[in-house]
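I opened this notebook to record what I looked up in one protein model. Each entry keeps to a single topic.

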Amino acid sequence: MAKEFSQITLDDDYIVKDQKPDVIKIIHSKGCLSFEEAKPSGQTVWVSGKLDFLVLYRSDEDGSTPESLAGSVAIREKVMIDQNWENEPLRVSGELEDLSVGIINSRKLSIRAVVNLEIEAEGIVEEAVVCELDSTSRMEQKCSEKEVMNLICAKRDVLRLHNEVTLPNSKDNIGEIKYSQIDVRNIETDVTKGKLQLQGEASICVVYIGEEKKAECYETSLPFSGELELDCMNVPDIYWVKARAMDCEVDARNDYDEESRILGIEMSLDIEYKLWQEEKVTLLEDAYALDREISLVKESGILPVFCMKNVAKVRLSDSFQMDNSMEKIMQMCFSTAEISIDHVEQVECGLHFEGVMLVHLLYLAAEDDFPLVHTQASIPFEQTVEIMNCKEETQYDYEVWVDRVQVSIMDNREYEVKGGVSIAVMAWNDEPYERITDVETREMGMDTLPAQPGIVGYCACREEELWDIAKKYHTTVADIESTNGITGKTIPANMKIIIVKQVAKC
């Protein structure tokens, strides 16, 4: 698996459609990234996709009702990479670091965004390892056992969920939905035989025009669950799942009394999962023969060895004072939050994360003739996720999500934000080893053996392996053990042993 990171800037103008009223003031905007294709060409990758955006704004029409418009900006970027991935399957994901919507004039908007791209080349590679040599000659072989991660399935899929929410009696009937946002929180996953089960909570925020032609805001949370059929029927020892909300829509529906009081929730979750089995593998490390000379041809390889999975939770709390340029708060409509990780550093006990929880607030102002106002607050945080046996060669993947966010009004210019963030980490060690690719043999010249003494008195200067001694003095580990009445793979420092050279006919 190899990754490349890049940052791109999107800059485009958007013409307001004729059926939409003029734009006077931007209240709030949001964006969602989707990627269609990544085509490698030499040391470049062409990435194509789009940024969908939704803008809530104040129009030039009379009254205090908001308007909204939706559009998209095409993404077609050339990303430079350090390696050639022309024959590799690629996966592209991105994070919207910043979205800025400005007014050029009442019929034209500027859309600017900063996008962090991650391009990953990840194919399933089958690598053969040599367990032992099949030989009729007197050959000594040194083997070891490793418990490695064997990838049995890696796939992306889409989980579609459908649900409905009925408005409380205190809310007006729905005339027209102007703005909606769905945040996915508290995700939990489980993998059983042939199925991936997922559950979580959807935070739903809606701005709509009621039958009385006034702006209404509604916020609620909805638990959800679903499952996907897996391509693999084996129950994995290790699994890693990433879920991202995409194509979330809210529409108005009639209840049994034919009144528009139901919110229809349509959610699509982009699911990426990987399944592994932990397997014990026998590896041939070295070999020699008593009747011929052997040369082992080796090349460098890597064995993925599972380290651990861990989840750390961060509790955040801070209060904010609004400046005098902002309208005073009369009532909070709803709040949403997103997480941005700015830095990840490997430390002695695990991984240290630095990031920011950005909270968006929509509230009703006390004195404005158009009462809907947006503001935002950011809470920085740091958290170390403990990882046992964290080494320099440790590889990792992580997922971050908002557990909860709650905003309390202290007075008309001060509010308090309390939230929770979860950071899930999966870590593994890419342990290097020498993989045997070929064995070259040739007859041993009889003039070679007489150069070595037949019997040697040997004193270990440090703790040494019997294998290394036996190979050096042309004998076997079993013969050293038998001659000296010892057992075990090593001998301690200063121990004296007798070594008898073995001679075998070719």
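**Entry 1. The kind of model**

I noted before anything else that this is a predicted model.

**Entry 2. Salt bridges**

How many salt bridges does the structure hold? I found 29 salt bridges in the structure. I kept in mind that side chains of opposite charge can pair when their charged atoms come close.

I looked up D13 and found that it forms a salt bridge with K108, the closest N and O atoms being 3.7 Å apart. This pair links distant parts of the chain, for D13 is in strand β1 (residues 2-15) and K108 is in strand β6 (residues 108-121), 95 residues apart. D13 has a relative accessible area of 39%, so it is partly exposed. K108 has a relative accessible area of 26%, so it is partly exposed as well.

I turned to K155, whose side chain meets that of D231 in a salt bridge, with 3.2 Å from N to O. This pair also links distant parts of the chain: K155 belongs to strand β7 (residues 139-166), while D231 sits in the loop between β10 (215-229) and β11 (238-254), 76 residues apart. K155 counts as partly exposed because its relative accessibility is 30%. D231 counts as exposed because its relative accessibility is 55%, and the cut-off for that word is over 50%.

**Entry 3. A network of salt bridges**

Which residues are linked with E176 in a network of salt bridges? I found that K20, E67 and K178 are linked with E176 in this network. Within it, the side chains of E176 and K178 meet at 3.1 Å, N to O. I compared the cover of these two residues. E176 has a relative accessibility of 42% and therefore counts as partly exposed. K178 has a relative accessible area of 5% and is therefore buried.

**Entry 4. A patch of negative charge**

I searched the surface for charge and found that E95, E97, D98, E338 and D342 gather in a negative patch. The elements that give two or more residues to this patch are β5 (90-105) and β14 (329-347). Strand β5 gives the most, with three residues. I looked up E95 in particular and found it in strand β5. At 30% relative accessibility, E95 is counted as partly exposed.

**Entry 5. Positive phi angles**

I reminded myself that most residues other than glycine have a negative phi. I then looked up two residues with a positive value.

H474 is not a glycine, yet its phi is positive, at about 60°. H474 is placed in the loop between α1 (466-472) and α2 (477-484). Is H474 buried or exposed? I found H474 to be buried, because its relative accessible area is 7%, and buried means under 20%.

N494 is also a residue other than glycine with a positive phi, near 75°. Its place is in the loop between β21 (490-491) and β22 (496-500). N494 has a relative accessible area of 59%, so it is exposed.

**Entry 6. Buried residues in strands**

I began with I436, which lies in strand β18 (residues 414-443). I436 is buried, because its relative accessible area is 5%. Leaving out residues up to four places away in sequence, I436 touches V130, L284, E285, L296, V297 and K298. I also looked up V129, which is 307 residues from I436 in sequence and 7.3 Å from it in space, C-alpha to C-alpha.

L284, one of the residues that I436 touches, is in strand β12. L284 is buried, with a relative accessible area of 4%. Beyond its neighbours within four places in sequence, L284 is in contact with V130, C131, E132, L133, Q141, K142, C143 and I436.

S268 is found in strand β12 (residues 260-289). S268 is buried, because its relative accessible area is 11%. With residues up to four places away left out, the contacts of S268 include V158, L159, R160 and R244. Among the others I listed for S268 are A245, M246, D247 and C248.

Conventions: Residues numbered from 1 in each chain as written. Predicted model: local features only at pLDDT ≥ 70, side-chain atom pairs only at ≥ 80, totals over all residues. Heavy atoms only, no water. Patch = residues over 30% accessible without salt bridge, like charges linked within 9 Å, V, L, I, M, F, W, Y side chains within 5 Å. Areas by Shrake-Rupley, 256 points an atom, 1.4 Å probe, with all protein chains shown as cover. Salt bridge = Lys/Arg side-chain N within 4 Å of Asp/Glu carboxyl O. Lys, Arg positive; Asp, Glu negative; His and termini not counted. Charge placed at Lys NZ, Arg CZ, Asp CG, Glu CD. Helix = DSSP H or I, 4+ residues; strand = E, 2+ residues; numbered from the N terminus. Buried < 20%, exposed > 50% of the residue type's maximum accessible area, 1.4 Å probe, protein only. Contact = heavy atoms within 4.5 Å.
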